[in-house]
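I opened the model to look up its pockets, its nonpolar cores and one loop. My entries are below, in the order I made them.

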Amino acid sequence: MVKKTTISIADRIAQVRSQFKTRDFIFHDGRDLRRFSIGGNTQAALAGVAGVTLCFSAYGVAHAAITAVQISGVLQTPASPEVKMAQLQTKLVKMQANLAAVKYAAEVHVARVEQRQALIVAVLEGKKGTKLALTTPTIDAKTAAVAADVIAPFKRVEERQLAMAVKARALAEARYNLAANQVRRLGIAPERFMQRNVSMGGPFEPVEAGAEVADVEADKQFRSLFMTWKKLDSLERGVIAIPSAQPVTRVSFTSNYGVRSDPFRGVAAMHAGVDIPGAIGTPVYATADGIVSRSERSGGYGNMVEVDHGRGIATRYGHLSKLLVLPNTRVVRGQLIALMGSTGRSTGSHLHYEVRIDGQAVNPMPFMQSADFLRSVQDRALTAKPAIGGPKVAE
């Protein structure tokens, strides 16, 4: 058996060698014809070298291809069902996290748009709400990137709101200055109507390091608008305490505020109000919202009603023939409170009308002359708030 195999191999070698015979080659080098020969052994050696080189090249290409396929995962060993399930769960958790981030970002922007719109409406139309504080949190850069497509429409709305906020603040400042100047003409400091103690608090929440600069700047603008609105709102609601209506339908004067000749003694005396003549029983009305602090007989005033309008402002109505309100009851501007008469220290039927600030009588005439402006401010405030008054009204 071995002998046969040996003979077979020898025959194979002989057949291979018979393929490599001495060969002659002729070529022209440009001048002469040249001839050279390559022996069979030389040809066999060259063929062997070429074969080895080809094998190594094929091996390198195949190895590189296999490596690339392994990297791509095509030829990875099929994962077990448990591994596949774990991979799916990981992907699901990531998708849920992204969905939660998008939902949170959308909710924040919706709340921000609604609050800012309510503030703009409050300033421009005087419609005051109960939840105008700007408390929406910021969104970090990572969440904003995940939800970019969803919140893009909200950002466009917020940009328009920001432009409106700048205009609204300018209008609010103008309204405040107009009202403040009018109040000063009455001898009253606007600061009297400002909130003295603005309660503030809450946990410290620093701005996220990745929060967008545009959002932070917009928050500053709206907070500034909010503070301007609060200042204007305090003044307009405070003006409700200022007398602004006529105490009787037809007004004329028989005696003005200031020093005059006393009608009984004929000597100079201080007159703390104005005297408005009329028939007995003429209706007398409250000139501002407030609480009746006195409704009684009071010395030279005769029958008198005193209304406390809050913030140190009060009005008195004297010489009445009939009292129609009780102490500690709330009245509104224009409400019937008494009938004109001639009780007390009086020479005839008339109304003695006073305005007092911090207990001191002041000239009522400027208040009556500014009635139209004051009523316009008061009516604007009353569209959002019921009538207020009293000496200790909580802010």
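The entries run from the whole chain to single residues.

**Ground rules.** I am working with a predicted model, in which local features need pLDDT of at least 70 and side-chain atom pairs count only at pLDDT 80 or more, while totals for chains, interfaces and linings use all residues. Residues are numbered from 1 along each chain as its sequence is written, and side-chain values use heavy atoms, with hydrogens and water left out.

**Overall.** I find eight helices and 13 strands in the protein; helices (H or I, at least four residues) and strands (E, at least two) are DSSP runs, numbered from the N terminus. Of the 395 residues, 34% are buried, meaning under 20% relative accessible area, with exposed over 50% and partly exposed in between (1.4 Å probe, protein chains only). Among contacts (heavy atoms within 4.5 Å) with a separation of 6 or more, 69% are between residues 24 or more positions apart.

**Cores.** I looked up the nonpolar cores, sets of buried Ala, Val, Leu, Ile, Met, Phe, Trp, Tyr and Cys residues joined through side-chain atoms within 4.5 Å. The largest has 47 residues, and I188, L235, I242, V284, V305, Y317 and I337 touch the most other members. A second, separate core has seven residues, including V102, I139, A144 and I151. Back at L235, I list its contacts beyond four places in sequence: Y176, A179, A180, V183, P190, F193 and M194.

**Strand β11.** Strand β6 (residues 283-285) runs antiparallel to β11 (336-340) and is joined to β11 by three bridges; strands pair if DSSP finds at least two bridges between them. V284 of the largest core has A338 in β11 as its bridge partner. β9 (residues 313-323) is also antiparallel to β11, again with three bridges, and L320 is partnered there with M340.

Which loop holds G348? I find G348 between β11 and β12. G348 counts as partly exposed because its relative accessibility is 24%. Beyond four places in sequence, G348 touches G341 and S342. Its C-alpha atom is 8.2 Å from that of P277, 71 residues apart along the chain.

**Second largest pocket.** I read about 400 Å³ of space here. The 23 lining residues include R260, H271, D275, H319 and R345, the closest to the centre. β4 (268-271), β5 (274-277) and β12 (350-357) each supply at least two lining residues. I sorted the lining into seven nonpolar, eleven polar and five charged residues. Here charged is Asp, Glu, Lys and Arg, nonpolar is Ala, Val, Leu, Ile, Met, Phe, Trp, Tyr, Cys and Pro, and the others, Gly among them, are polar. A pocket is an open set of points on a 1 Å grid where a 1.4 Å probe fits, with protein on both sides within 12 Å along at least five of seven lines; lining residues have an atom within 4 Å of a point.

Key:
Grid points are joined across faces, edges and corners, and a volume is the space filled by probe spheres set on the points.
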